[in-house]
Amino acid sequence: METYVSLLELIGTVAFAASGALIAMKKHMDLLGVIVLGVVTAVGGGILRDLILGITPPLAFRDPADALVAVATSILLFIPWLRHRLMHNQRLFDVILLIMDSIGLGVFTVMGIWNALAFDPDRSTFLLVFVGVLTGVGGGMIRDVLAGNMPFILVKYVYACASLIGALACALLWKILPSYAAMLVGMLLVLIIRLLAAHYHWNLPRADDVE
Amino acid sequence: METYVSLLELIGTVAFAASGALIAMKKHMDLLGVIVLGVVTAVGGGILRDLILGITPPLAFRDPADALVAVATSILLFIPWLRHRLMHNQRLFDVILLIMDSIGLGVFTVMGIWNALAFDPDRSTFLLVFVGVLTGVGGGMIRDVLAGNMPFILVKYVYACASLIGALACALLWKILPSYAAMLVGMLLVLIIRLLAAHYHWNLPRADDVE
Amino acid sequence: METYVSLLELIGTVAFAASGALIAMKKHMDLLGVIVLGVVTAVGGGILRDLILGITPPLAFRDPADALVAVATSILLFIPWLRHRLMHNQRLFDVILLIMDSIGLGVFTVMGIWNALAFDPDRSTFLLVFVGVLTGVGGGMIRDVLAGNMPFILVKYVYACASLIGALACALLWKILPSYAAMLVGMLLVLIIRLLAAHYHWNLPRADDVE
């Protein structure tokens with residue numbers, strides 16, 4: 001289980017770091033800006049989660065592994081050959097950003113629930129879901145605010161909804177399935193909902209769709 | 001007293017959720033964006049307050065009531081009939097936003113003081129006022145940053161001033177009046193100062209008013 | 001040592017308050033907006049640091065001294081004679097903003113390390129550096145987000161790098177030098193790197209510098 005969770009955290013960290021680095025590159029930041037936004041996106045959600053749960057200093061401050069992985073991911077995307085391809089192919093850029101952001105969202109949503117339960121196994125479903133969603137959307141929200149974009153969570157199709165459904169499924173299944181299975185279902189739900197929504201351009205009513 | 005505080009919290013939550021939902025609608029967000037911004041505005045200030053006071057997990061994470069009220073308020077404002085009226089009448093929109101935001105500011109300013117004292121009755125006046133102002137302006141600040149607006153607190157007439165005067169009055173009167181009266185005076189002061197300032201276009205000197 | 005640290009904190013508070021007030025003036029805010037942004041910039045980094053370290057309520061909430069110094073600094077810069085000079089001389093404005101922001105960055109980076117060690121002397125170098133950088137860049141990051149600017153840390157030459165090198169030097173030297181000397185070296189490194197970078201227009205590669 002330890003290995004499973006560590007592996008998940010690694011995947012989520014790489015995915016969110018990549019999403020932060022991509023957005024920084026799109027904003028014409030220099031190498032340092034790309035690294036900073038990559039790291040902040042990758043560790044931001046977890047730091048928020050730990051502050052909420054009362055875990056101080058947050059885990060990201062105790063173990064440099066995640067920050068180093070995020071730095072490496074950001075530098076990797078900055079390699080001229082790769083950067084050139086990404087910056088001159090808008091469609092490729094969009095698809096990779098969508099996938100990275102969706103993986104990060106899915107992984108960190110269930111990791112939020114895992115951490116909340118690891119710290120105190122006797123949590124209400126509401127708290128688990130709330131912490132899961134916050135951990136999932138937190139890093140991306142900080143990323144978008146720092147980069148001067150409207151946060152994805154406020155403008156993109158079913159961003160918050162995907163995280164909410166995944167968190168709810170994970171928290172409820174936790175009681176009847178082994179925890180690794182509950183986490184897997186939660187993650188996949190987030191990923192599938194997000195990708196389907198993007199593919200089929202699912203839309204919700206807007207304030208200016210006035211009949 | 002319990003009922004009185006619960007009622008206040010309900011009023012403040014509805015008011016701030018409405019202000020968040022209105023701003024999200026103005027920004028052409030979809031239904032989910034409207035709900036997210038409504039909820040974040042309504043619970044954001046209280047979460048900041050609890051983190052500052054060391055109450056973890058914050059109260060909003062333990063009891064779903066406020067979040068649900070905020071969701072309901074946001075959905076209600078999104079009903080086509082109501083939305084149509086609000087989006088096509090700029091003056092009505094502005095007045096309702098001003099009133100909702102002012103009520104929220106007043107209620108949460110004094111609720112911040114109440115919570116700080118409930119948690120530890122032996123607080124300095126400075127801490128009470130600081131926590132009160134932060135709780136009052138926090139939700140709106142997060143709302144404006146997420147929506148890509150300059151925060152009200154930095155641009156609107158006497159926003160911070162109203163909260164500061166209300167908090168100071170509430171904290172000082174707490175020692176000589178029953179607490180419900182101190183809270184009432186604080187709230188009304190915030191509301192009256194804010195509305196008078198808006199009505200009479202009170203202005204403070206600006207950096208470009210150079211003689 | 002107490003006096004030394006208090007003096008540093010005073011210098012850093014004045015410097016960051018000035019940077020916040022200057023940016024607020026540039027954004028045409030009124031006197032209150034200028035004061036609010038000055039105070040938030042001056043105390044924001046320290047509040048973030050205390051939340052991370054689990055010090056609640058944060059020190060800024062217990063002792064009004066820093067907030068009052070920040071208010072006084074902001075008002076001082078708003079004096080018509082001074083404001084007139086600053087707002088009509090872009091070069092002077094830029095130089096003073098750069099110097100104030102650099103002093104604040106240097107002082108708060110090493111103050112972050114000092115606080116982390118004061119609270120628990122047995123910290124890993126990674127945590128010290130992380131907390132130092134966060135304390136150093138936190139106030140400015142909040143300032144820029146509130147003012148609607150892209151944070152310095154993402155766009156300015158070697159902003160994060162200067163803080164990182166200063167924090168690393170300070171944390172490593174702590175073991176072999178008296179602490180006041182370690183802090184002095186850390187601060188000066190931040191200041192020198194930042195000013196040299198600005199003077200010589202050091203640049204790092206950008207995502208659009210594609211060969």
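This short talk covers how the chains of this predicted model are related and how they touch.

Some conventions before that. Residues are numbered from 1 along each chain as its sequence is written, and chains are lettered from A and ligands numbered from 1 in the order in which they are written. As this is a predicted model, local features need pLDDT of at least 70 and side-chain atom pairs count only at pLDDT 80 or more, while totals for chains, interfaces and linings use all residues.

Next, the contact of chain A with chain B. Chain A puts in 25 residues and chain B 25 residues, where contact means C-beta atoms, placed from the backbone, within 7 Å. On the chain A side, α2 (31–53), α6 (125–146), α7 (152–155) and α8 (159–173) each supply at least two residues. Helices here are DSSP runs of H or I, at least four residues, numbered from the N terminus. α6(A) gives the most, five residues.

Now chain C against chain A, with 25 residues from chain C and 25 residues from chain A. On the chain C side, α7(C) has the largest share, five residues.

Last, which surfaces are used? Only 8% of the interface residues of chain C are also interface residues in chain A, so the copies meet through different surfaces.

Key: Two residues are in contact if their C-beta atoms, placed from the backbone, lie within 7 Å.
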